[in-house]
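Reader: Could you walk me through this structure, a bit at a time? I am still new to reading these.

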Amino acid sequence: MHNLIISGLILTLSMLVFAIGKSPVFRVDRAGIAIIGAALTVGTGVMSFDQAAQAVDYRTIILLFSMMIITSYLNMSGFFQLAGNQFLSRLNGKNQLLFMVILITGILSAFFINDIVCLLLTPIVIMITRRARLNPTPYLLGVAAASNIGSAATLIGNPQNILIESLSRINFGWYMALAIPISLVGLVLIYVLLSWIYKEELSGQLPEFQPMTGVVHGYLVKKGLVVVFLVLVGFLMGFDPAIVASLGAAYLLITRRVKPNKIYRGIDFNLLVIFIGLFVIIGGVEHSGLLMLLMHTPWMKSVQNLQVFSILTVVLSNIVSNVPAVMLLKYLVPVHMGHVWWAALAIFSTVAGNLTLTGSIANLIVVELAKKENVEIKFLTYLKIGLPLTVSMVFIALLYFAIITKIFHIA
């Protein structure tokens, strides 16, 4: 009973900080509470140190870390700047620029972690819109929303999907084929909503402006793209993603041209700390018996169908953020049709991130970077696009899964 109460308090306090983004009393952020919660879980005797170490899913950490190295390498090589200039050189209208911003963000977020894509693209979008004397807000909203929707297309697009891949071992190609239609519909919907809401500001032609400047290392770009292609082939062929990604990252680090520290700067160590801490906290909840107690409540027993599970995913993802939500909801996935439920968990936890400004880390990255450049995106400004987008996508995804499960008789 002692361990059960302690683990319950640690979980509650941790989820509170994750829900609001920081401690209401102390200067503790999400990474801080993950460290504190994990330390308390071990320090109070809920779990031993060895049990805490076993609770961490190292495949997830390795996959996430490796994809960060690959993405950072491509950024350092100048690939994102090169790709941006190639697209921009073909644009004429303001609406076309919005469409390309959404498309580029969505595609990149499918294959590179969406948080990092937002870190890379937000300053570029602000710079382009300022050179063209445009209101940056609709374009930045496009980056935030498209990074979430686009990342749902694969199991490596965002942190929670990487976690789901590691926990479920569902086939990479099967999930991708299932999720791409939803992501494409979502990207189109983002464009339609923003074009309608900002109709006056997005009408007309783009003024001429100079392309982005900076060093592009052709050899490094080619090397990085070859590695990305081989890594994706390895995923599709069914090899262990953690091993494939780590081999790709290791190969990119074998070079005479690049100082390793330049690549390491692009790694989000805070996110890795959050994952490790959450694994220990959730492991303590399971080890103490609290999880089993929660699972046997009448309310939890009522989660018997995919629709209820999907809606619960959306709600919980917006309360405690999507990564903690996945760690809690994984225990509700049934064994006999787990691949469909895991896919639903990946898609709905990602779609949920678009509801509010604080719904995903990607949204917060865009807003905070914009704020540094004196571009303010308010909560209600985001909600105008986030609310109709999320409600529409949840409805479309529920209908989509209902059709899929009926056709293939898998639910």
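Author: Let us begin with a pair of helices: α4 and α9 are oblique to each other, because angles under 35 degrees count as roughly parallel, over 145 as roughly antiparallel, 65 to 115 as roughly perpendicular and the rest as oblique. This is a predicted model, in which local features need pLDDT of at least 70 and side-chain atom pairs count only at pLDDT 80 or more, while totals for chains, interfaces and linings use all residues. Residues are numbered from 1 along each chain as its sequence is written, and side-chain values use heavy atoms, with hydrogens and water left out.

Reader: At what angle do the axes of α4 and α9 cross?

Author: The axes of α4 (residues 58-77) and α9 cross at roughly 135 degrees and come within 9 Å. Axes here are lines fitted to C-alpha atoms, for helices over the stretch in contact, with angles running from 0 to 180 degrees between N-to-C directions. Helices themselves are DSSP runs (H or I, at least four residues), numbered from the N terminus.

Reader: And which residues make the contact?

Author: On the α4 side they are Arg59, Thr60, Leu63 and Leu64, and on the α9 side Pro159, Ile162, Leu163, Glu165 and Ser166, where contact means heavy atoms within 4.5 Å. These residues divide into five nonpolar, two polar and two charged; Ala, Val, Leu, Ile, Met, Phe, Trp, Tyr, Cys and Pro count as nonpolar, Asp, Glu, Lys and Arg as charged, and the others, Gly among them, as polar.

Reader: How many residues of α9 are buried?

Author: Nine of the ten residues in α9 (residues 159-168) are buried, with buried meaning under 20% relative accessible area, exposed over 50%, and partly exposed in between (1.4 Å probe, protein chains only). Among the buried ones are Pro159 and Leu163, and both of these are touched by phenylalanine 275.

Reader: What else does phenylalanine 275 touch?

Author: Leaving aside residues up to four places away in sequence, phenylalanine 275 also touches Thr60, Ile61, Leu64, Val323 and Met327. Val323 and Met327 are among the buried residues of α18, a helix (residues 322-329) in which seven of eight residues are buried.

Reader: Which residues have the most contacts inside the largest nonpolar core?

Author: They are Ile190, Phe235, Phe275 and Phe401, in a core of 144 residues. The largest share of this core, eleven residues, comes from helix α10 (residues 172-197). A nonpolar core is a set of buried Ala, Val, Leu, Ile, Met, Phe, Trp, Tyr and Cys residues joined through side-chain atoms within 4.5 Å.

Reader: What about arginine 169, is it buried or exposed?

Author: Arginine 169 is exposed, with a relative accessible area of 53%. It lies in the loop between α9 and α10, and it has a positive phi of about 60 degrees although it is not a glycine.

Reader: Back to α4: why does serine 77 count as buried?

Author: Serine 77, which is found in helix α4, counts as buried because its relative accessibility is 0%. Not counting residues up to four places away in sequence, serine 77 touches Val215, Val216, His217, Leu220 and Val221.

Note on methods:
Helix = DSSP H or I, 4+ residues; strand = E, 2+ residues; numbered from the N terminus.
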